[in-house]
Amino acid sequence: MYMDLSADPRRTLPSVDQLLRWPWVAELAAQHGQPLVKEIIAQALSTLRITVTPFDADAFCGAVQNILTTRLSPSLRRVLNLTGTVLHTNLGRAPLPEEAIAAMTAVARGASNLEFDLDSGRRGDRDAHLEAWLCRLTGAEAATVVNNNAAAVLLMLNTLAKGKEVPVSRGELVEIGGAFRMPDVMLRAQCKLREVGTTNRTHLADYAEAITPRTSLLMTVHTSNYKVVGFTATVPEQRLAQLAHDHDLPYIVDLGSGSLVDLRRWGLPAEPTPMDSIANGADLVSFSGDKLLGGPQCGIIVGRRELIGRLKKNPLKRALRCDKLTIAALEAVLRLYSDPERLGERLPSLRALSRSRENIAEQCERLMAPLAAWVGQGYEVTSEAVMGQIGSGALPIEQLPSQALVLRSATAKRSGSQLNALAASLRGLPVPIIGRIQDASVILDCRCLDDETAFLEQLKDRR
């Protein structure tokens, strides 16, 4: 069978070197660097070869520009969290207040006294920027900070329990996001887990019977991302602390989410605080900075000065330490806690958590018409009462009465693929809108929508 190879469009494709000499390509190379532009041109030519597409200069130019724009766009982007989960792990958890953003920007621009004592002119301790505030707010003797709460638990266990046993209730062997489990953390900390009690009931006697000469400490793990209900029993912190101290053992508490205020003040569910645990006799308490506290990702450890000193001497501390941006942001957030009267206004996460359904409903009413115009006649948009949640890893089963924009078919029940396409269109906006699909509808819970302008601006162009 005869094949006319001269008709193959691939034979007429220009070379990469030829294209690099074209004026518009040279201009791109001057702006963005020749190596990147050369790589993209080669990629675009490869696509034409694979698809056996004739070369068209205008179309090729557009393709190169599109690839370049995509390549240079940030991978980590701002999105609008309309999922109904305020402290959403996959969306970065707590939004930072402006004071924290300003503090991060200030130290990011150049040198800072991160580990430099301005009074003595000698090397300093990066924890010194935070320790006084944490001790003032929690009542602890000392404090240190690492890059997340899992790291905090790892550091405590590796420092105090390496090569020894740690009794933990079976009902507290938590798994956090990404299949990261407490037993795995203990294994990496080089200590041995000693399970006590049962999933639903653990008594003081279970801990007492587990104590041997190989026991290093007693530990409570707050189940912040689930609850066991029904026929249950747990040991109060005070009694467990007393048992540990009777055997000359330290008692540590992993609070998980952690809160530095009584959330009931804003009509939210009660959550254990580090202050409570310290008052109950805990020697060390760890908790997250980016959940209920409303700060950057970090793990905070407060407690006895002697034990904190041992943590700081562990070589792991250097591997787990926070950078200057995290420290600057956390210090700024902690300062806000000195004025609890205005905390609900100044801390974005607490402001979102404490919004009333009525306030959210008023916002939904303002947004219904623009959203309906954008989505088109195939869907109807309504404002409806819904239930949201505080966080996927912080009080996950506690529900928040909220209000949402609900998008559903105007004629008949839409298929899952059509709803997924609508959700994808919302995610494809310049500032992606992230909602949830539920009950044959796309639901946009507006509790966390604090930038109404950004929402509306991108709806001016109909999809």
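This briefing walks through one protein model, from its overall build down to a few single residues.

The model is predicted, so local features are described only where pLDDT is at least 70, side-chain atom pairs count only at pLDDT 80 or more, and totals for chains, interfaces and linings use all residues. Residues are numbered from 1 along each chain as its sequence is written, and side-chain values use heavy atoms, with hydrogens and water left out.

**The big picture**

- The protein has 19 helices and 18 strands. Both are DSSP runs numbered from the N terminus: helices are H or I with at least four residues, and strands are E with at least two.
- Along its principal axes, the C-alpha trace spans about 90 × 55 × 55 Å.
- Of the 463 residues in the protein, 46% are buried. Here, buried means under 20% relative accessible area, exposed means over 50%, and partly exposed is in between (1.4 Å probe, protein chains only).
- The protein exposes about 23,000 Å², and carbon and sulfur atoms supply 51% of that. Accessible areas come from the Shrake-Rupley method with a 1.4 Å probe, and for residues only the protein chains shown count as cover.
- Take the contacts (heavy atoms within 4.5 Å) with a separation of 6 or more: residues 24 or more positions apart account for 74% of them.

- Helix 7 covers residues 149–161, which makes 13 residues. From its first C-alpha to its last it reaches 17 Å, close to the expected 18 Å; the expected span is 1.5 Å times one less than the number of residues.
- How much of helix 7 is covered? Mostly covered is the answer, with 12 of its 13 residues buried. Among them are Asn149, Val153, Met156 and Leu160.
- Asn148 caps the N-terminal end of this helix, with a side-chain oxygen 3.3 Å from the backbone nitrogen of Ala150.
- Just after helix 7, Gly163 takes a positive phi of about 80°.

**Nonpolar cores**

- In soluble globular proteins, nonpolar side chains tend to be buried together.
- A nonpolar core is a set of buried Ala, Val, Leu, Ile, Met, Phe, Trp, Tyr and Cys residues joined through side-chain atoms within 4.5 Å. The largest one here has 57 residues, and those with the most contacts inside it are Ile300 and Tyr337.
- Helix 14 (residues 324–336) gives this core its largest share, 8 residues.
- Apart from it lies another core, of 29 residues, including Met186, Cys191, Ile308 and Leu320.
- Which residues does Tyr337 touch, leaving aside neighbours within four places in sequence? Its contacts are Leu137, Leu260, Val261, Leu292, Leu293, Leu343 and Leu347.

**Cysteines**

- A disulfide is a covalent bond between the sulfur atoms of two cysteines. The cut-off used here is a pair of cysteine sulfur atoms within 2.5 Å, and a search of the whole structure finds 0.
- Cys298 is in no disulfide, and the nearest cysteine sulfur, that of Cys322, is 5.4 Å away.
- Cys298 is buried, with a relative accessible area of 1%. Cys191 is buried too, at 9%.

**Around Asp290**

- Where does Asp290 sit? You'll find it in the loop between strand 12 (284–288) and strand 13 (299–303).
- Asp290 is buried because its relative accessible area is 5%.
- Leaving aside neighbours within four places in sequence, Asp290 is in contact with Leu87, Arg93, Ala94, Gly295, Pro296 and Gln297.
- The side chains of Asp290 and Arg93 are joined by a polar contact of 3.4 Å. A polar contact is a pair of N or O atoms within 3.5 Å; within protein, one must be able to donate a hydrogen and the other to accept it, and residues adjacent in sequence count only if both atoms are side-chain atoms.
- Asp290 and Ser257 are 33 residues apart in sequence and 8.2 Å apart in space, C-alpha to C-alpha.
- Ser288 is in strand 12 and counts as buried, at 4% relative accessibility. Leaving aside neighbours within four places in sequence, its contacts include Asn149, Ser257 and Cys298.

- Arg93 is not a glycine, yet has a positive phi of about 55°. Arg93 is in the loop between strand 2 (85–87) and helix 5 (98–108), and is partly exposed at 22%.
- Gln190, also not a glycine, has a positive phi of about 65°. Gln190 lies in the loop between helix 8 (182–188) and strand 9 (192–196), and is partly exposed with a relative accessible area of 45%.
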